[in-house]
Amino acid sequence: MAPPPKPRAPSENDRALIAPGWAELLQRLAAPPPAPADSQLAGESATRLRADARRELVALAAAYTGRYASAPARPFTDETPLVLSGHQPELFHPGVWFKNIALDALAKQAGAVGVHLLIDTDLCQAPGVRTPTGSLQEPRVEPAPLDARGPSAPYEQRPIHDADLFDSFGERVASLVAPLVRDPLALSRWPLAIEARRRGATLGQALSEYRHRIELGWGSQTLELPLSAACDGQAFRCLAAELLARPAQTRAAYNAALAEFRQRRRLRNAAQPLPDLAEADGLVETPLWVWSDDTPARRALFASLRDGRLRLTDRHGWSADGPADAASIAAWIAELRQRGVKLRSRALVTTLFARLLLADLFLHGIGGARYDEVTDRFAELLLGVRLPWHATLSATLRLPIEHGLPGPTELRGLRQKRRDLRFHGEWFLPEGSPAADAASQKADWIAQAKTPANAAQRHAGITEANSRMHAALRPLREETDEAIAAARHGVRARRVLDSREHSFCLFPEADLRRRLAALCP
């Protein structure tokens with residue numbers, strides 16, 4: 001079976017990728033697909049666990065959102081469709097933000113509740129925004145740090161180290177981008193992030209609150225919740241316990257799903273899209289992370305079963321021994337959490353958890369949708385279930401900078417012109433040119449049919465004629481070479497100005513709000 005086509009970001013400005021289409025998304029949400037076939041997870045019915053988990057998620061998200069805003073009062077029952085999206089709490093580009101705008105629009109049109117998961121289990125390394133600055137002709141990109149560097153840690157554990165640097169971010173970014181863009185969101189709305197910091201928010205919480213409060217001001221009714229909070233719930237503990245109770249089978253299913261994906265996609269790199277889970281010294285790597293409040297360094301969690309006991313370790317000094325049956329493991333995970341030990345999902349398990357136990361529809365970006373080809377197969381091999389479907393959304397929105405710079409098409413045209421000057425000079429000779437006879441000579445040779453007897457002489461005659469015309473066209477050649485050099489420079493400048501990766505905080509608010517809304521049918 002041929003693999004599904006890879007989703008790609010739109011190449012044109014102000015265009016969105018919505019797959020499947022918007023009408024189909026609404027049609028499916030009007031009659032949500034049945035939950036995955038019931039199974040036992042840590043001794044509990046997955047159907048009952050899913051119903052409890054959905055209610056808990058919405059309640060937790062309403063409480064979390066209510067810490068900084070009046071949480072929209074959306075009624076939720078077991079029959080209400082639940083639409084989820086998720087991303088790291090970063091100042092991402094508008095193509096990613098489009099998922100949040102679409103989440104709200106879909107939920108409103110389908111009578112659903114929309115929840116955005118803050119993937120705060122991912123690492124925060126060097127927070128900042130690459131900012132275009134300079135002039136239209138000589139643009140460059142400069143980093144604008146959000147905070148002082150610190151030890152690598154998950155967003156969940158990452159405090160703000162330098163309050164002054166964080167508070168000045170909006171003014172610094174606005175100053176950098178001022179030659180190109182006026183009144184960016186980073187300046188006009190950054191006080192929202194400062195308010196969050198003053199209330200004790202972590203870096204990720206402050207950034208996501210800043211973004212979400214802008215959305216709420218635009219009329220959004222979505223809720224937000226850190227993934228870490230969902231991982232502390234009973235549903236995730238039961239799923240994690242199921243993975244840990246049979247580590248060898250979990251590893252085998254995980255690696256087999258990756259192997260099938262690589263074969264379908266003809267990938268030779270064993271680390272794509274994710275590395276296999278390892279096994280060494282009787283320890284099996286699991287698709288979970290572990291860290292603690294005392295040691296917030298994220299480590300892979302390894303497990304082994306011996307003599308009816310389960311050993312967990314990060315292979316860096318931490319280990320714990322506990323029960324081996326799934327139901328008891330779930331309770332033991334809760335005990336570990338009380339002691340400051342945190343078990344968190346890795347990429348595939350994050351969407352396995354969300355789609356198996358929470359969502360009627362999960363909105364992915366392009367990268368996440370690619371991973372979920374593996375997640376679907378992993379769920380089938382390990383749990384024998386088919387997960388509810390997901391959608392892929394992204395968009396391309398470029399900064400509103402009018403520049404008139406040449407693009408790749410113009411550069412290709414000039415390069416073709418230079419080649420034509422070399423091999424088709426007759427197209428460019430002015431009337432009365434001294435090389436007109438060379439053009440006639442070439443035409444005569446071309447008119448003669450090529451034969452073994454005249455091939456060498458014919459080739460030499462055409463080459464000589466081309467050379468004479470090429471020499472006569474020297475001024476035009478030099479002019480074309482100068483135009484090519486200028487076009488190359490313009491393409492490099494345009495690559496900076498027109499990048500779709502620029503953070504949403506660099507855009508003027510009214511412009512970006514209008515353009516994002518226009519992408520939702």
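A: Before we start, one definition: two strands count as paired if DSSP finds at least two bridges between them. Please also keep in mind that this is a predicted model.

Q: OK, then what is the bridge partner of His 364 in β18?
A: The partner of His 364 in β18 is Thr 392. Strand β17, which covers residues 361-364, pairs with β18, residues 390-396, in the parallel sense, and there are three bridges between them.

Q: And which sheet has β17 and β18, in what order?
A: They belong to an open sheet of six strands with mixed pairing, and the order is β1-β18-β17-β4-β5-β10. The edge strands, pairing on one side only, are β1 (15-19) and β10 (223-226). On average, neighbouring strands of this sheet are turned by 25° against each other, with direction ignored.

Q: Which strands does helix α13 lie across?
A: Helix α13, made of residues 347-357, lies across β4 (82-87), β17 and β18, and runs at about 150° to β17.

Q: Switching to α3, how many of its residues are buried?
A: Of its 17 residues, 14 are buried, so that helix is mostly covered, where buried means under 20% relative accessible area. Helix α3 spans residues 94-110 and reaches 24 Å from its first C-alpha to its last, close to the 24 Å expected. Just after α3 comes Gly 111, which takes a positive phi of about 65°.

Q: Last one: where is Trp 389, and why does it count as buried?
A: Trp 389 is found in the loop between α14 (366-383) and β18, and it counts as buried because its relative accessibility is 17%, with the cut-off being under 20%.

Definitions and conventions: Residues numbered from 1 in each chain as written. Predicted model: local features only at pLDDT ≥ 70, side-chain atom pairs only at ≥ 80, totals over all residues. Heavy atoms only, no water. Helix = DSSP H or I, 4+ residues; strand = E, 2+ residues; numbered from the N terminus. Axes fitted to C-alpha atoms, helices over the stretch in contact; angles between N-to-C directions. Contact = heavy atoms within 4.5 Å. Expected span 1.5 Å × (residues − 1). Buried < 20%, exposed > 50% of the residue type's maximum accessible area, 1.4 Å probe, protein only.
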